[in-house]
Amino acid sequence: MIHQRLSLLIIILCCVSQVFAQELAIEGFVFTEGKEPAEMASVALYKANNGTASQVDAVAYADKKGFYHIDLVPPLATKYILRAQYVGYKLQEIIIPRDSLRGIVQCNFLLDELSEANQLSEVKVTAKRKVGFDRQSYHFTSDQIKLAQSSIDLALMIPQIKADARTGRIVSAIGDLTPTILINGHYGTNEELRSIPPHKIIRIDYYDIAPERYNTRGAVLDVITKPLDNGHHAGAEGSIAPFAVDGVARLFYNYNTGSHQLKFFSSHFLRHTLCGKKEEQETEYTAADRWQYRSEGTTHTRLNSNVLKASYVYSVPNKQYFEASLSSMWEKSKLPQVYNAMIRMNDEQQPRQGVSESYGFAFTPVADIYYDRTLSHIGNRISSNVVYTHNQTNSIYSLAEHKNSAPEPSLKEEVIGKTIKNSVIAQIEYLHPVKGGWLYAGTNFMYTHARFAIKGHSSGKSEDAQYQYRDRIYFTWEANKGKLFWRISPAANLQYISEHNGVDKPQMHLNFNPRLLIGYNLPHNQRIRWEVETADQTPDLGSTTEVMRQLREDLFVRNNPNLQNSYLATTRLYYSWQHSHIDLSSTLIYSYTDKDWITSFDRTDIGGRTVIVQQQSNAINSQYAMLKAEVRLKPLGSEQLSIRLYAHPRYDQYQLTKDQAVSLFSIPSGASIAYRQNSWGVQGDIALPYKSLRSYFTSSSGWYSALSGFWSKGSWNLRIALENLFVPEESQTINHSFLNLHEHTHSVLRDNLWKASISVSYYFSVGKNYQGTRHLENEDNDRGDI
């Protein structure tokens, strides 16, 4: 018995010793020349081929003490190259032959600082590789970091970004969609970015063509940071325009301890106009009778919007990330209007006084769970996200027009609508490295169930319910070879729509939506890219349920249950060049939409009387061609003085029917100038008037101008802005002459003339760890309104 126990003990000890004998790893410390730990320094292990690094085998990042650890997985290569890299310091490498790999090998790095000339060159676009490709990477000198009051100041050095004149928040410099902000690849906000100390920024990556995994067609701003210490950070922003009577307040708080984070965010917006919007309208149509309508009135805005969000995060750097959040948005709006009108029916003329009011309430709670995990040392990863939303909207519209002082109204309408919609949105994606690039495979789907109810004087009582299921399956291959890079994304969309009012049978659509991007990095910071993109566009739920109500005498508006999907195909050719004194970029775009949605005015019979019915329908096609040209000048060779100019000449065309087509050429253009000196600066913006073509009208926008100044001291920021100088904000629309309804409108936002505002913010930070990947936004923006 004793011999058996001794034998078993010897076997166990042999197994344990074999396990330890087989443990192979490389570890050590990365320090700067000042013997400081190089937090977040990257240490990459390459398999050597003919003395050069040919294939990355593993990547690790130094922690707060500068320590890193890399596990080795047999079979081993003949030779390895270990490289350490840190922003502002020279790259170092160590050659490790296989014979020296026994147990745990110690490899320490002491990095030398780059020369000032090399540091300055890092500010330029480098287009370095990371997970994905085709990014513009911006590094910053020590002087730039010292001058920056917050991390937003560093982001504003990117050519495509500027500060909003009133709030200082990040917006597109050329009028495009506001860029999506990521922090270490994970969804972030202006508030989070403002609270990060500038010296914690490693670099900022800018994607003007977002990869599939970011779930956006706009630009993406990814801020890469060093880890921050445990503790609190918080901030508050407030902005008010006293004469226009609108204001916004935001609060942000985060507590970080180890791998855990708690976040809280709130935003509150209030607008009560004093002078209101002055509106003039002329309408003419012929139904059973010939009607002419002319009115002049004032509409006031009463809007109150609130957002609350709380999140919990658990993260282990380079291994896993989990976030659960709850948020809610509720909004109340009221639009009272008083106007005088002159009505002409055939040869009879009738003056009227009118009053209308629109009231709306929306409530949207959201539950969001996100998780991703790195599966192995080579970088393959799986991520998933589930979002649940509940959208509830209530609306009331009333109108009454009286002839002189008659007690009974000549025209009366009252409509009460309610929508309740529940949606589940989910995504799962797998990332796997392949030779020279990365392969993504994923699916994202949405299930929505909606109930509608409407009750009105002219519409009667109607109820409806429908549900939709949408699924998108995609594969993406991203790779590069030398200066050539590409992204190929075949995808398929499946959509199921249940039967509902006006549609007797369920509908199912299957479409293929490939996307292709090819680019080449030319010498002297030049780059050229070509992109082809396709998309299937689905009507909102509420727009396809059978409902009709009266707008005026013999004029009705109707939802169209037969409205079909449209299919969009777009190609773009990009060119960019960046220099110390000038940045140039241009994009040539052509877009074609088959069965595009338009608004039509059909003459038909209702109850034996000829009327005009306004509804959405499908055109044969629409197309546009546009050249987007932008230039940023830096006369002083730095971001201290920046001048931006842009012009977007475009040609639009709608082929409404075989015999009817409309087209328009326009040139949206504008400019901005910004000057910054240490903690203060000024900014001016201007946009020129231009025309836009829509399916049934042409709109004209007026001048826009803004002048703002800002000052920062420590955690305090002050911004004063003046918008719409000399000329009020106004717009006009004119219907196309061949339509059954002719209309001309002119509106002036009188409260926005010389609109003065003041914004104050205060942020402090005692530290925070930012880790993670990306975030699936709530894509269900359709509230299902009817």
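Modeller: This is a predicted model. Strand 45 (residues 690-693) and strand 46 (residues 697-701) run antiparallel and are joined by four bridges. The two strands form a hairpin, and the number of residues between them is three.

Colleague: Which residue in strand 46 stands opposite Leu 693?

Modeller: Strand 45 covers residues 690-693 and is joined to strand 46, residues 697-701, by antiparallel bridges. The residue of strand 46 opposite Leu 693 is Thr 698.

Colleague: What is the bridge partner of Thr 698 in strand 49?

Modeller: Strand 46 also pairs with strand 49 (residues 729-735), in the antiparallel sense and over five bridges. In strand 49, the partner of Thr 698 is Ile 734.

Colleague: Is Ser 747 buried or exposed?

Modeller: Ser 747 belongs to strand 50 (residues 741-749). Its contacts beyond four places in sequence are Lys 277, Lys 278, Glu 279, Glu 729, Glu 730 and Ser 731. The cut-off for buried is under 20% relative accessible area. Ser 747 has a value of 16%, so the residue is buried.

Colleague: Turning to the open sheet of four strands, which are the edge strands?

Modeller: The strand order in this open sheet is 33-34-38-37, and the pairing is mixed. An edge strand here pairs on one side only, which is the case for strand 33 (548-552) and strand 37 (597-606).

Colleague: What is the average twist from one strand to the next in that sheet?

Modeller: The open sheet has four strands in the order 33-34-38-37. From one strand to the next, the twist averages 30°.

Colleague: Which residue in strand 38 is the bridge partner of Arg 603?

Modeller: Strand 37 pairs with strand 38 (residues 609-618) over ten bridges, in the antiparallel sense. Arg 603 has its bridge partner in strand 38, namely Ile 612.

Colleague: Which residues does Ile 26 contact beyond four places in sequence?

Modeller: Leaving aside neighbours within four places, the contacts of Ile 26 are Leu 45, Tyr 68, His 69, Ile 70, Leu 72, Leu 82, Ile 96, Leu 101, Val 105 and Cys 107.

Colleague: Which residue in strand 6 stands opposite Tyr 80?

Modeller: Strand 5 pairs with strand 2 in the antiparallel sense over six bridges, and in that pairing Tyr 80 stands opposite Lys 47. Six bridges also join strand 5 to strand 6 (residues 92-97), again antiparallel. In strand 6, the residue opposite Tyr 80 is Ile 96.

Colleague: How far apart in sequence are the parts tied together by the pair of Tyr 467 and Tyr 496?

Modeller: The aromatic pair of Tyr 467 and Tyr 496 is tilted, at 5.9 Å centre to centre with 35° between the planes. Tyr 467 is partly exposed at 31% relative accessible area, and Tyr 496 is also partly exposed, at 23%. Tyr 467 is in strand 27 (residues 460-481) and Tyr 496 in strand 29 (residues 491-497), so the parts tied together are apart in sequence by 29 residues.

Colleague: Which residues are linked by ring pairs into a cluster?

Modeller: The count of aromatic pairs comes to 13. Ring pairs link three Phe residues into a cluster: Phe 29, Phe 31 and Phe 67.

Colleague: Finally, what percentage of the residues of the chain count as buried?

Modeller: The chain has five helices and 51 strands. It exposes about 37100 Å², of which carbon and sulfur atoms supply 58%. Of its 786 residues, the share that counts as buried is 46%.

Note on methods:
Residues numbered from 1 in each chain as written. Predicted model: local features only at pLDDT ≥ 70, side-chain atom pairs only at ≥ 80, totals over all residues. Heavy atoms only, no water. Pairing = 2+ DSSP bridges. Axes fitted to C-alpha atoms, helices over the stretch in contact; angles between N-to-C directions. Contact = heavy atoms within 4.5 Å. Buried < 20%, exposed > 50% of the residue type's maximum accessible area, 1.4 Å probe, protein only. Areas by Shrake-Rupley, 256 points an atom, 1.4 Å probe, with all protein chains shown as cover. Phe/Tyr/Trp six-rings, centres within 6.5 Å; stacked < 30°, edge-to-face > 60°.
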